[in-house]
Amino acid sequence: MGCLGIYALLSLMAVSAVTLGTVVSVLGYCLLPMVILSGINVVLSLQGLTGFVLTGLAIAWCSLSASKLFVTALFMDHQQPLVAYPCALLYGVFALITIF
């Protein structure tokens, strides 16, 4: 559902054509910091302040890298913050699954 939502948003915003495969592959590729975060969760508990800071950094890393790839691939000049916000919401859901 998240990939379809981002696909619909990018289809409305982009000048060039957007494919669902591109959206899914970029979102999946930028999920790597969440995998690292879940690996850290095996060793350390993410319930405290340290976990919240690491989670915030992982969400920021994921959303900024995904939005930068989307903006570059779809020629969306000066629209990175508009793309980064929904990406951060999507990766925030994955972070909540990782923490709890």
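Where is the place of Ser-63? Ser-63 sits in helix H4, residues 49-73, where a helix is a DSSP run (H or I) of at least four residues, numbered from the N terminus.

Some ground rules. This is a predicted model, in which local features need pLDDT of at least 70 and side-chain atom pairs count only at pLDDT 80 or more, while totals for chains, interfaces and linings use all residues. Residues are numbered from 1 along each chain as its sequence is written, and side-chain values use heavy atoms, with hydrogens and water left out.

Back to Ser-63. Its relative accessible area is 5%, so Ser-63 is buried (under 20% relative accessible area, 1.4 Å probe, protein chains only). Leaving aside residues up to four places away in sequence, Ser-63 touches Ala-84, Cys-87, Ala-88 and Tyr-91; contact means heavy atoms within 4.5 Å.

Now H4 as a whole. Other buried residues there include Gly-51, Thr-55, Ile-59 and Phe-70. The buried residues of H4 pack against helices H1 (2-13), H2 (20-29), H3 (32-43) and H5 (80-99). After H4 comes Phe-75, with a positive phi near 55°.

Next, H1 and H5. Their axes come within 11 Å and cross at roughly 175°; axes are lines fitted to C-alpha atoms over the stretch in contact, with angles from 0 to 180 degrees between N-to-C directions. H1 and H5 are therefore roughly antiparallel, the label for angles over 145 degrees. On the H1 side, Gly-2, Ile-6, Leu-9, Leu-10 and Met-13 meet Leu-82, Val-83, Pro-86, Cys-87 and Leu-90 of H5.

Note on methods:
Helices (H or I, at least four residues) and strands (E, at least two) are DSSP runs, numbered from the N terminus. Buried means under 20% relative accessible area, exposed over 50%, partly exposed in between (1.4 Å probe, protein chains only). Angles under 35 degrees count as roughly parallel, over 145 as roughly antiparallel, 65 to 115 as roughly perpendicular and the rest as oblique.
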